[in-house]
Amino acid sequence: MVIETESLTKRFRRRTALNDCSLSIPRGRVVALVGPNGSGKTTLLRLLAGLSRPTQGRISVFGEEMSTSNTDLRARVGYLDQDRPLYERWRVREILEFGRRTNPAWDPAFAARHLALLDIDMESPVRNLSGGQRAQVALAVCFAKRPDLVLLDEPASALDPVARQDLLQNITELFADNEASVLMATHAIDDVSAICDYVIILSQSRVVLSEDLDYVLESHRLLSRGLNDGVSVPRDAVVLEERRTTREITYLVRLAMPMERDGWRIERPTFNEIAIAYLRDRPRSTSTLSVTDRGESGAP
Amino acid sequence: MIWVAWRFQRTVLCALALLALVIIAFTIVSGSVQHHDLSEFMHAPCRGMQIATPGRGDLCGQLAVKLDNAATFNPYIRVAGLVIAPLLGVMLGVLAVASEVERRTVRLAWSQSISRTRWFAAKVGVGAFFVVIILVPTAFVMSWWNGAIGSTDLFGRSTYVIAGWDLVAWGLFMFALTLLLGAAIRHVGWTLAAATLVFLAVAVTFPSTVRQHLVAPTVQWSQPSDKTQGNSLVYGESDSPAFIPANAWIFFSGIALRSTVGIPTYAQMNAIDPKVYGCINRYPHKTQSDINSATDKCYKKFDVENVVVYIPANQFWTLQLREGLIYLSAGIVFAGGALVLIRRIEP
């Protein structure tokens with residue numbers, strides 16, 4: 001496992017930013033960390049980056065305890081902050097020099113090549129760069145240290161659609177080149193299915209889903225029937241969402257095993273639909289969703 | 001990492017170094033001009049107005065005016081000397097920690113492959129190095145200037161700091177203090193405000209509460225009839241009842257009971273002084289000899305002596321060294337405290 005957390009909790013005075021989160025993320029995945037504002041995505045990433053300390057629980061990265069003082073471990077972790085903090089008055093060249101001097105495994109050729117491909121002037125002061133260019137410079141610093149794990153906090157936020165698409169494309173290419181594991185926090189659920197193969201959904205400071213994207217898509221279905229058909233939801237299905245029209249009722253369910261049609265119209269939901277259903281869910285008593293914990297509560 | 005720390009502080013460092021250079025250059029010019037004018041004045045026939053030179057008064061007056069004019073900027077130079085060290089220390093200190101935390105660039109720095117301790121050590125090392133590099137020549141020039149303009153006051157509030165090497169210790173103290181405040185407050189504006197307040201508090205209270213205790217004062221008792229080498233005691237002059245050494249820092253000068261323990265106070269003197277001088281005045285004092293005799297008798301009657309408590313001028317550098325060590329020790333403690341806080345910061 002590249003990341004393992006156990007009962008991870010982070011409190012800021014009275015506010016609980018992350019509550020009792022247990023996660024295991026396998027190596028070599030591009031992981032989407034999805035959740036609404038204030039769900040704890042940034043807090044989780046900062047804990048994993050060694051910028052912050054947990055209030056309770058433990059974090060293990062590559063089998064080692066992550067802490068603010070574990071420099072060797074931090075050398076293997078690249079972190080892109082959501083604010084893209086760069087030294088405003090420095091030139092791009094100097095930002096890369098900063099990266100070279102603070103990282104033993106720095107790859108200067110990679111950083112220079114990456115920025116040259118994007119036509120970013122190395123002599124330009126950071127404050128003169130556009131939001132997209134700043135993000136690319138920050139990304140270059142993040143990847144040029146040749147990390148085994150990359151933590152990206154909203155990498156495409158505040159970018160126009162073209163810049164956003166370019167950035168995501170770059171991340172995919174960089175991932176392919178580096179063979180690193182990537183954990184990417186995002187609001188944009190559309191980005192997830194484009195580049196990610198593993199998904200974690202955080203809601204109200206808790207992990208509500210942590211699984212392979214393919215498995216998530218395979219294990220969820222939209223079940224529809226007429227209002228008066230009188231067919232009941234299979235016993236082992238967890239109903240995540242219920243939608244009613246004047247003539248029809250539709251359930252978004254999670255299935256433990258393939259089901260018979262049995263009077264239902266069965267469709268594949270998009271990841272967008274699944275994610276929104278989880279994000280709308282009420283807070284749960286356990287950190288991860290179990291197939292049986294909802295029983296038939298949503299069923300007629 | 002040193003390069004990173006240097007690059008981060010480069011602009012402010014260069015600006016402050018330039019400011020120090022301007023102050024140094026102006027001080028050298030001012031000191032040279034005043035030294036020349038003073039020398040000319042003292043070597044004139046009137047010997048700096050110590051000797052009456054009938055018919056040559058105009059020349060002496062002109063030289064005196066010239067000297068006064070040259071001294072016009074002295075208050076500004078003193079202020080510049082007093083301000084440059086704390087300004088340098090505060091600006092570099094606030095830039096090193098508070099600014100980085102407030103701008104959140106620490107998230108970039110602390111997520112690289114360096115420890116916070118190393119990051120902080122580089123910041124402190126570069127900052128302290130430049131504080132020393134800039135303030136040593138400034139202190140040297142200020143000290144020279146104080147002598148060149150003929151100032152004999154070494155212990156005055158506006159002189160003491162700029163007349164010695166404490167300027168450098170002051171700068172390092174303020175640098176470390178601002179590091180600590182920056183790590184605790186984490187906002188540039190509030191850190192600057194707090195550092196300014198602490199600076200003013202220390203600058204006002206330290207000289208009057210701590211400095212005078214850093215060197216044991218000399219307590220000199222004498223009878224009115226005593227003679228000191230090269231300096232006769234003056235009989236019967238209440239404002240100079242005893243020998244006062246040149247350029248010393250005087251804490252007490254007056255009469256006191258011989259039984260006084262420790263340093264006499266002016267309150268004690270005011271209690272006994274009217275009685276002694278009332279006694280002296282009761283004796284006939286037609287001649288100086290009468291006054292001397294009456295003074296001796298009354299001093300014996302009330303068991304008092306003249307006493308001066310002072311720190312002599314030759315203790316100036318000892319005082320500077322001890323005060324400087326206090327600033328440096330406090331600076332080391334502050335820097336250590338800042339490191340403890342920095343290791344706890346969650347940016």
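Good morning. I begin with helix α6 of chain B: 19 of its 20 residues are buried, so α6(B) is largely enclosed by the rest of the structure. Buried here means that 20 or more other C-beta atoms lie within 10 Å of a residue's own; exposed means 12 or fewer, partly exposed is in between, and the C-beta atoms are placed from the backbone. Helices (H or I, at least four residues) and strands (E, at least two) are DSSP runs, numbered from the N terminus.

This is a predicted model, in which local features need pLDDT of at least 70 and side-chain atom pairs count only at pLDDT 80 or more, while totals for chains, interfaces and linings use all residues. Residues are numbered from 1 along each chain as its sequence is written, and chains are lettered from A and ligands numbered from 1 in the order in which they are written.

To complete the description of α6(B), this helix covers residues 166-185 and reaches 27 Å from its first C-alpha to its last, close to the 28 Å expected at 1.5 Å a residue. That expected span is 1.5 Å times one less than the number of residues. Directly after α6(B) comes B:R186, with a positive phi near 70 degrees.

I turn to the contact between the chains. Chain A contributes 24 residues and chain B contributes 21 residues, where two residues are in contact if their C-beta atoms, placed from the backbone, lie within 7 Å. On the chain B side, α1 (2-42) and α4 (106-109) each supply at least two residues. The largest share of that side, 5 residues, belongs to α1(B). By class, the side of chain B that touches chain A holds 8 nonpolar, 6 polar and 7 charged residues. Ala, Val, Leu, Ile, Met, Phe, Trp, Tyr, Cys and Pro count as nonpolar, Asp, Glu, Lys and Arg as charged, and the others, Gly among them, as polar.

How do helix α3 of chain A and α1(B) pack? Their angle is about 150 degrees and their axes are 9 Å apart. The axes are lines fitted to C-alpha atoms, for helices over the stretch in contact, and angles run from 0 to 180 degrees between N-to-C directions. The two helices are therefore roughly antiparallel to each other; that term applies over 145 degrees, with under 35 roughly parallel, 65 to 115 roughly perpendicular and the rest oblique. From α3(A), the residues A:E94, A:F98, A:R101 and A:T102 meet B:W3, B:V4 and B:R7 of α1(B). This contact has 3 nonpolar, 1 polar and 3 charged residues.

Within chain A, the assignment gives domain 1 (3-213) and domain 2 (219-280); such bounds come from an automatic or database domain assignment. The C-alpha centres of the two domains of chain A lie 35 Å apart. Their contact takes 12 residues from domain 1 and 5 residues from domain 2. On the domain 1 side, α7(A) gives the most, with 4 residues.

A:R13, at about 50 degrees, lies in the loop between β1 (3-12) and β2 of chain A, and is exposed, with 5 other C-beta atoms within 10 Å. B:R104, at about 70 degrees, lies in the loop between α3 (74-103) and α4 of chain B. With 13 C-beta neighbours inside 10 Å, B:R104 counts as partly exposed.
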